[in-house]
Amino acid sequence: MRALQRHFSVLAMSLAVISAAHATPLVEPTLRIKPSANGAGHVALTLDACGGQTDTRILSALVENKIPATIFVTGIWLKRNAAAVAIMQAHPDLFELENHGGRHVPAVDTPQKIYGISSAGSPEAVLAEVESGAAALARTGQPAPKWFRGATAEYSPSAIAMIRKLGFKIAGFSINGDGGSLLGAKETARRIAAAKDGDVIISHINQPTHAAGQGVVQGLLALKAKGMTFVRLDDADGMGNHGTTD
């Protein structure tokens, strides 16, 4: 009996190794914008609104300090945050709303988990995630999105090609500001304040109870104090790798 159990255990381990070996290699694209021609430089602030609520600390700071940002919104977040959407729509000079998918599903067309989140799992499911996100934005009266960022910001190369054929550029980043909103305020502020000319920052605006939100505000204000300016992705020349923008 024990020999049989050992046999099945070895078989299960072998199948796991085979499965891992055949898992689709994923990519996490980077994105930078063309450096500014003069001044202290500029950066692009991108904020993900995955689900949940709105971090008004960040939203209020952006409005009060006139800091432009590109907000990647999911259909889930749009349904729950009408008041925040109205504020963003009232400041079209500051906010550009872009596509973060319908249900916050990673744009990976084979079944696997990324950071514990199940991937779309098929080309059809990737297509549905992208198109439902665009449709959700359209229902708010927003202009058609030009950029897409998938949940977890990791992709299968074939999914990237598919999304590009739909007409979207894919938004990578060069600075992970808040570590998925899991970092503390001090480390988040340090990372964002260290941004250089041409960087694209990713952080989150949907976790009002996390300490990272305070760090986002502190880091942005530190950049502004240095004379750094902020641009939205639509207003900049973004250059991404892995075929995400060309």
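Buried means under 20% relative accessible area, exposed means over 50%, and partly exposed lies in between, with a 1.4 Å probe and protein chains only. By that scale lysine 146, at 49% relative accessibility, is partly exposed.

The model is predicted: local features need pLDDT of at least 70, side-chain atom pairs count only at pLDDT 80 or more, and totals for chains, interfaces and linings use all residues. Residues are numbered from 1 along each chain as its sequence is written, and side-chain values use heavy atoms, with hydrogens and water left out.

Now the charged pairs. Side chains of opposite charge can pair when their charged atoms come close. A salt bridge here is a side-chain nitrogen of Lys or Arg within 4 Å of a carboxyl oxygen of Asp or Glu. The count by this rule is seven.

Start with lysine 146. Its salt-bridge partner is aspartate 234, with the closest N and O atoms 3.8 Å apart. Aspartate 234 sits in the loop between β11 (229–231) and β12 (238–240), and lysine 146 in the loop between α5 (123–139) and β7 (147–148), so the pair ties together parts 88 residues apart in sequence. Helices (H or I, at least four residues) and strands (E, at least two) are DSSP runs, numbered from the N terminus. Aspartate 234 is partly exposed, at 36% relative accessible area.

Next, arginine 32 and aspartate 199. They form a salt bridge, and the closest N and O atoms are 2.5 Å apart. This pair links distant parts of the chain, 167 residues apart: arginine 32 is in strand β1 (residues 31–33), aspartate 199 in the loop between α7 (185–193) and β10 (200–204). Arginine 32 is partly exposed, with a relative accessible area of 33%. Aspartate 199 is buried, at 6%.

What else does the side chain of aspartate 199 reach? The backbone nitrogen of lysine 196, at 2.7 Å. Contact means heavy atoms within 4.5 Å. Leaving out residues up to four places away in sequence, aspartate 199 touches Arg32, Ile33, His42, Val43, Ala44, Ser174 and Ile175.

Finally, helix α7. Arginine 190 and glutamate 187 meet there through their side chains in a salt bridge, 2.7 Å from N to O. They are three residues apart in the helix, so about one helical turn separates them. Glutamate 187 is partly exposed, with a relative accessible area of 26%. Salt bridges that share partners join Glu187, Arg190 and Arg191 into one network.

Notes. Polar contact = N/O pair within 3.5 Å; in protein donor to acceptor, adjacent residues only side chain to side chain.
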